[in-house]
Amino acid sequence: MDKALFEPEIKAESKELPDSKPSFGYFLVNGGISIGLLLLGFTLGNRYQPEVKTNVRPTSTVSPRVLTVETTQIRPVSGHSISRSYTGETSTARESSLGFERAGKVNQLLVDEGDYLYKDQVIAKLDIRQLEMQKLNLEAQKDKEKAILAELVTGARQEDIAGAKATVKQLKEKLSLEDIRQERRQYLYQAGAISREQLDEVSFNRNALTAQLQEAQSRLDELLAGTRIEQINAQKAVIQQLEVSIQEIDLDIYKSVLKSPYNGLISQRLIDEGTVVSVGQALVKLIENGKPEVRIGIPTDKVNLFQKKSQYSVIIDQKNYPATVSAILPQVDSATRTQTLILSLDPSVASNVPRGAIARLNVRETVAISGFWLPTTALIRGDRGLWSCYAVIKDNKKEEIVEKRDIEVLYTENNRVLVRGTLNEGDLIITQGTQRMVPGQIVISE
């Protein structure tokens, strides 16, 4: 239909009446005709408009912007090492509270706190004047008994033998004289010239002389035979007993001097001169300064990880010192339920390591567990408090796209984590910019 057919009608309708104002009816009629003509023209125009074919791209969830991402190719591990720290303190191989083995008055104290001592250096002395007097008395007795022994061993002198013989001879002569007197008295008694009492008196004198003669003869026989071996042995025993008593005095004198049992340092002085001490009362405390040690409590289930003579490094006052395991004590501490590990330090560091300082031992323990190491930057929050990561895979068009993988965190160490889950060996995991990723996004991995 030609558009010119409508022009006269449109022009006629558009004329205004002269010298007259438009009314509401005029606008209603004229406006309705105009809108109708416009709708009719739009319909006819579309009907006769040529058909145009267009290709509309379907809506996709993939972001049209391709991102370049950093990735890491994961490899499985069968275990990992854990760093553990155990705390203890420094000590010395030997520490002693020194005192005397006998009671007495301290006469001299030759050391003070902080003094370094060498082995057998004198520390203190007790008053020994009374012991010295006792020793002099015993030595005098010993000399006397030795002289008697010498006399017994040498035997009797000739003068003593001669005197004993003279005594025997004299008694024999007196006994002979008494025999004569007894015969005479017996005759006179029978004649009635003397009494019975006078006769008995002579008999008594004869018996007394007989006894004296026997004693003198025995003495003479003893001098002629020499000293018996039993007497010599008995005298030797007396001398030996005195020697033992003198040795006991010497031992008490020796115990009156207190000496250092080893090289060390006086850590504490407990008394002063003039103090009367009892047996075993401590005077000073001595610590060995040449062999520093570290004592650390280890849980009983971890003790088997340490071997004697193994080398480790301990931290004391923020400094590392090489140490060697010297012993593992078998008893378990009832309070901490740990066993004591003793590590020996080099003697050259003794002056640098104070006793009682805090020491820390760091060791790495291997735990058998399968998984993959990922940097912490690769983690993203998953559902229900779990974790996930993004992997880069290739789709059917060989394009690299992002895929979400659910994982479980097994262990965290510094800036990396050990995980397991829906991962495979060789997967490319995005390590940076995970906040910009969405599943299905096209990326280019580096």
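Predicted model: local features only at pLDDT ≥ 70, side-chain atom pairs only at ≥ 80, totals over all residues.
# A tour of the strands, helices and loops

Stop 1: Residues are numbered from 1 along each chain as its sequence is written, and side-chain values use heavy atoms, with hydrogens and water left out.

The names on this tour follow a simple rule: helices (H or I, at least four residues) and strands (E, at least two) are DSSP runs, numbered from the N terminus. Two strands pair if DSSP finds at least two bridges between them.

Now colour strand E19 (residues 400-413) and strand E20 (residues 416-421). These two run antiparallel and are joined by 6 bridges. The hairpin they form has 2 residues between the strands, and Asn414 takes a positive phi near 55° there.

**Stop 2: the whole chain.** Zoom out. How many helices and strands does the protein chain have? There are 6 helices and 22 strands. Of its 446 residues, 29% count as buried, where buried means under 20% relative accessible area, exposed over 50% and partly exposed in between (1.4 Å probe, protein chains only). Contact means heavy atoms within 4.5 Å. Among contacts with a separation of 6 or more, 73% come from residues 24 or more positions apart.

**Stop 3: a link across the sequence.** Leu428 lies in strand E21 (residues 428-430) and counts as partly exposed because its relative accessibility is 25%. Leaving aside residues up to four places away in sequence, Leu428 touches Thr71, Thr72, Gln73, Tyr390, Ala391, Val392 and Ser445.

**Stop 4: strand E3.** Select strand E3 (residues 76-92), which runs antiparallel to strand E16 (residues 358-375) with 13 bridges. Pro76 has Phe372 of E16 as its bridge partner. E3 is also joined to E12 by 5 bridges, again antiparallel, and there Gly88 has Ile296 as its partner.

**Stop 5: two open sheets.** Strands of a sheet pair through backbone hydrogen bonds, either parallel or antiparallel. Show E8, E7, E5 and E10: these 4 strands form an open sheet in that order, with antiparallel pairing. Which strands stand at the edges? They are E8 (257-259) and E10 (276-277), each with a single partner strand, so one side of each is left without a neighbour in the sheet. Lys105 stands opposite Val276 in E10.

Next, show the open sheet of 4 strands with the order E4-E11-E9-E6, also antiparallel in its pairing. E4 (95-99) and E6 (116-117) are its edge strands. E6 and strand E9 (residues 264-269) are joined by 2 bridges, and Leu117 stands opposite Gly264 in E9.

**Stop 6: a helix pair.** Select helix H3 (residues 129-154) and helix H6 (residues 229-255), whose axes come within 9 Å and cross at roughly 160°. Axes are lines fitted to C-alpha atoms, for helices over the stretch in contact, and angles run from 0 to 180 degrees between N-to-C directions. That crossing makes H3 roughly antiparallel to H6, a label for angles over 145 degrees. The residues of their contact divide into 13 nonpolar, 5 polar and 9 charged. Ala, Val, Leu, Ile, Met, Phe, Trp, Tyr, Cys and Pro count as nonpolar, Asp, Glu, Lys and Arg as charged, and the others, Gly among them, as polar.

**Stop 7: two loop residues.** Finish with Lys309, in the loop between strand E12 (292-299) and strand E13 (311-316). Lys309 is not a glycine, yet its phi is positive, about 75°. Is Lys309 buried or exposed? It counts as exposed, at 66% relative accessibility. Asp317 sits in the loop between E13 and strand E14 (319-332), with a positive phi near 50°. Asp317 counts as exposed too, at 52% relative accessibility.

Definitions and conventions. Parallel < 35°, antiparallel > 145°, perpendicular 65-115°, else oblique.
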